[in-house]
Amino acid sequence: MSENLFIPTEASKAEKYEAILPQIEALITGEPDLYANLANISAVLKQGFDFFWVGFYLVKEEQLVLGPFQGPIACTRIAFGKGVCGTAWKEGKTQLVPDVDAFPGHIACSSASRSEIVVPVLKNGEVMMVLDVDSDQLNDFDEVDQAYLEELCKKLSETL
């Protein structure tokens, strides 16, 4: 696939995901390097939706360790069950947080982050990593984001 994305400008959120997800699939199909794929996925989501922060935390040595991302600097390590990312890892399910300040134990890697969605990437029922997406707006994520990002993470898990 070329390095150019088609991102519809006058489209609904769902229509943008419908346009972007096949492009992500084309980018990662046949590429065996996990970090290259995670970097491109982060870049596509950041460019396509102008999210504040998009990236991955990988499970390593009983911690989540920062992987490829787009946005300001981030927390490097997150403990199991801590913050939104650690909770997604512990529970093995998506965390949709409309207001991070209201989330018990939220880890503020950036004070500009206002809402967040974290989707675990599972392989054989085990969380291998999480996709973390932050917004500088309250209530920026909804069931549309959740459905499409979960679909993306499922496709990603198939490449692991």
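# Strands, Helices and Ring Pairs

User: In which sense do S5 and strand S6 (residues 126-135) pair, and over how many bridges?

Analyst: Strands S5 and S6 pair in the antiparallel sense, over nine bridges. Two strands pair if DSSP finds at least two bridges between them. The elements are DSSP runs numbered from the N terminus: helices are H or I with at least four residues, strands E with at least two. This is a predicted model, in which local features need pLDDT of at least 70 and side-chain atom pairs count only at pLDDT 80 or more, while totals for chains, interfaces and linings use all residues. Residues are numbered from 1 along each chain as its sequence is written, and side-chain values use heavy atoms, with hydrogens and water left out.

User: Which residue of S6 stands opposite Pro-120?

Analyst: Val-130 of S6 stands opposite Pro-120. In the hairpin of S5 and S6, two residues lie between the strands, and Asn-124 takes a positive phi near 55 degrees.

User: How many bridges join strand S4 (residues 95-97) to S5?

Analyst: Three bridges join S4 to S5, and these strands run antiparallel. Here Val-97 has Glu-116 in S5 as its bridge partner.

User: How many of the nine residues of strand S5 (residues 115-123) are buried?

Analyst: Buried means under 20% relative accessible area, exposed over 50%, and partly exposed in between (1.4 Å probe, protein chains only). In S5, seven of the nine residues are buried, and the strand is mostly covered.

User: What is the order of the six strands in the open sheet?

Analyst: The order is S3-S2-S1-S6-S5-S4, with antiparallel pairing. Strand S3 (77-79) and S4 are the edge strands, each pairing on one side only. From one strand to the next, the twist averages 25 degrees.

User: Which strands does helix H2 (residues 34-49) touch?

Analyst: Contact means heavy atoms within 4.5 Å. Axes are lines fitted to C-alpha atoms, for helices over the stretch in contact, and angles run from 0 to 180 degrees between N-to-C directions. H2 packs on the sheet and touches S1, S2 and S6; the direction of H2 makes about 155 degrees with that of S1. Helix H4 lies across S1, S4, S5 and S6, at about 30 degrees to S5.

User: At what angle do helix H1 (residues 13-28) and helix H4 (residues 143-157) pack?

Analyst: H1 and H4 pack at about 10 degrees, and their axes are 10 Å apart. Among the residues that make the contact are Tyr-17 and Leu-21 of H1, and Tyr-148 and Leu-152 of H4.

User: How many aromatic pairs are there?

Analyst: Rings of Phe, Tyr and Trp (its six-membered ring) pair if their centres lie within 6.5 Å; planes under 30 degrees apart count as stacked, over 60 as edge-to-face and the rest as tilted. The count comes to seven aromatic pairs. One of them, Trp-53 with Phe-69, is stacked, at 5.2 Å centre to centre and 20 degrees between the planes. Trp-53 is in strand S1 (residues 53-60) and Phe-69 in strand S2 (residues 63-70), so this pair ties together parts 16 residues apart in sequence. Trp-53 is buried at 5% relative accessibility, whereas Phe-69, at 28%, is partly exposed.

User: What kind of pair do the rings of Phe-80 and Trp-89 form?

Analyst: Their planes stand at 90 degrees, so the pair is edge-to-face, with the centres 4.8 Å apart. Phe-80 is partly exposed at 45% relative accessibility, and Trp-89 is buried at 9%.

User: Which residues do ring pairs link into a cluster?

Analyst: The cluster holds Tyr-17, Phe-49, Phe-51, Phe-141 and Tyr-148.
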